[in-house]
Amino acid sequence: MRDSFIRALTARAKEDSDIVLITGDLGFSVLDEFAETFPDQFVNAGVAEQNMTMLACGMALDGAKVFTYSIANFTILRCLEQLRNDVCYHNADVTAVSVGGGFSYGQLGMSHFATEDLAIMRALPNMKVIAPSSPVQATRLTNLIIDEAGPCYLRLDKGSSNLDQEKDLTIGKSIKVRDGSDVTLVSTGAILRESVIAAELLSAKGIEADIIDMHTLKPLDETSIITSANKTKAVVSIEEHNVLGGLGSAVAEILAEEGVAKLKRVGLNDLYPTIVGDQNFLRKTYNMDANTIYQTALVLVNKSR
Amino acid sequence: MISQQAQSIELAKKVRKHVVQMTHRGNSSHVGSALSIVDILSVLYSETLNIDPKTPEMNNRDIFILSKGHAGAAVYATLAESGYFDVAILNDHYQNGSTLSGHVSHKGNPGVDFSTGSLGHGLGVGAGFAYNFLRKRNARRAFVVLSDGECDEGSNWEAIMFAGHHNLNNLTAIVDYNKIQSLASTRETLDLEPFADKWLAFNWAVHECNGHSHDDLSNTLKSTKLEQHKPSVIIAHTTKGKGVSFMENSVLWHYRSPQGDEFKAAMTELNEQETD
């Protein structure tokens, strides 16, 4: 996804000198081509995320379309108040790009797990929150973000759904990945892959899942959730993220307001992992893999029936 | 025709009265902080900034950011007296439903380029403007007024390091060095000295001046324009609460609001200064 993002940004930067990329001293080898091709559109702010974000805001208010770039939480948490007061309050055209959503950097430890980012970014007025599920989506969504002014958080995952769906991709409109009438599986980011596998397991049991890819967490595609929930009456939310405040909470808010369907949230159960491992290992360890989704859906469907 | 300096001195007298009246009506804090920067703002708005109050969004305007947003009353009063909006609107400051918040905000207030209130934000954003002006070969400049206590914030030093490294000669920081912060003197809290040396070490051109002398401020601000390769800082030596004798150099008037006899006494002093 990271490479897809940079390729898309590079292609657009050629024709638009207002596009600026600011890195917080990360992106070794990945950003070289951009930096060499567009020296006037590239800034290494150094290991200084607060200033990186303030610079981005000042440049954006003078007409630039700025992307700040770092890994995991560094583009958003170290400089959260800069995002809130400077970028979001002034509605500046700044996209904070985080390379490494969830457990993408699973071996690096807790500091590098982005597992509260969606909740925190979602709470900021004016902020769009986008988590592509595949490199193809990352490319398309990067282009859409460039076209749409205003603050944005772009969460790039190391994993991928391995699906190549790009058709009719729009910010704020989810993608229906699979049709089913027994249970809704809604996920954000590359963990969609686990939903797809879970749906196959469920299908073998005669349970057909509706799968929604919520690549945009904010603005949330409420209609797709309500429509699917009205049909299935059972919803499982899946996110590589704390179950508090992220996709599960967003879906719960909608379902509660509409008064339809039972919900179970799959995600990190409000804790900091103290062990490391690759993304798949950690998904399994912390109960957000395909098997967990399958089991959760089974219980929920049986309860709903 | 009156000289620019006479103009800025007149402006400062009016702004001081507004500041005391606004903090009185609002029963609000920071009158000392606001009085401290009145002369700096008056010189900036009278002669330094390339701006047009009739066209607040003028494309080639200079950018001004009050990073010490708690002194917003002084900026609102300066803008109103400069013609950005009706002076009568200052009566709304701090009142229910007003856009004139205690900490300076751009929403609904013509002439405010950037909203602040949390310290340590203005300089980095000013550096962003300045960097983009240079990138676009644009002659615009960015001016940022900081408080001394605000220089405790690490984010400022990130911005100072960046601006020095990138030779942002179109960026001018003015530090309101009244040497008193929220609870005590800067020396007792976190000593800034040797202050000039710190900026010098970060590759800035350092100027010092009397932050209440319009002559000194004017000349110093003019000299910053001549810098070819460095951002400029003006360490403006000021007096917190300047203009009202019993508010001067007092920690108390960081938070205390002028009420009752104190308000009357303050206004009497300022009225006498106006007729001087």
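I started with A:Arg283, which forms a salt bridge with A:Glu240, the closest N and O atoms being 2.5 Å apart. A:Arg283 sits in helix H10 and A:Glu240 in strand S11, so this pair ties together parts of chain A that are 43 residues apart in sequence. I keep in mind that this is a predicted model.

Next I asked: is A:Arg283 buried or exposed? A:Arg283 is buried, at 2% relative accessible area.

Then I looked up A:Asp210 and A:Lys176, whose side chains meet in a salt bridge at 3.2 Å, N to O. This one also links distant parts of the chain: A:Asp210 is in strand S9 and A:Lys176 in strand S7, 34 residues apart. A:Asp210 counts as buried at 0% relative accessibility, while A:Lys176 is partly exposed at 35%. Which residues join these two in a network of salt bridges? I found A:Asp179 and A:Lys231 linked in with them.

I noted one more pair, A:Arg193 and A:Glu194, with their closest N and O atoms 3.8 Å apart. A:Arg193 is partly exposed at 28%, but A:Glu194 is buried at 6%. Over all chains, I get 23 salt bridges.

Last, I zoomed out to chain A as a whole. I count eleven helices and twelve strands there. Its radius of gyration is 19 Å, close to the 19 Å from the globule rule for 305 residues, so chain A is as compact as a globular protein of that length. Of those 305 residues, 63% count as buried.

Note on methods:
Residues are numbered from 1 along each chain as its sequence is written. Chains are lettered from A and ligands numbered from 1 in the order in which they are written. This is a predicted model: local features need pLDDT of at least 70, side-chain atom pairs count only at pLDDT 80 or more; totals for chains, interfaces and linings use all residues. Side-chain values use heavy atoms; hydrogens and water are left out. Helices (H or I, at least four residues) and strands (E, at least two) are DSSP runs, numbered from the N terminus. The radius of gyration is taken over C-alpha atoms; the globule rule is 2.2 Å times the number of residues to the power 0.38. Buried means under 20% relative accessible area, exposed over 50%, partly exposed in between (1.4 Å probe, protein chains only). A salt bridge is a side-chain nitrogen of Lys or Arg within 4 Å of a carboxyl oxygen of Asp or Glu.
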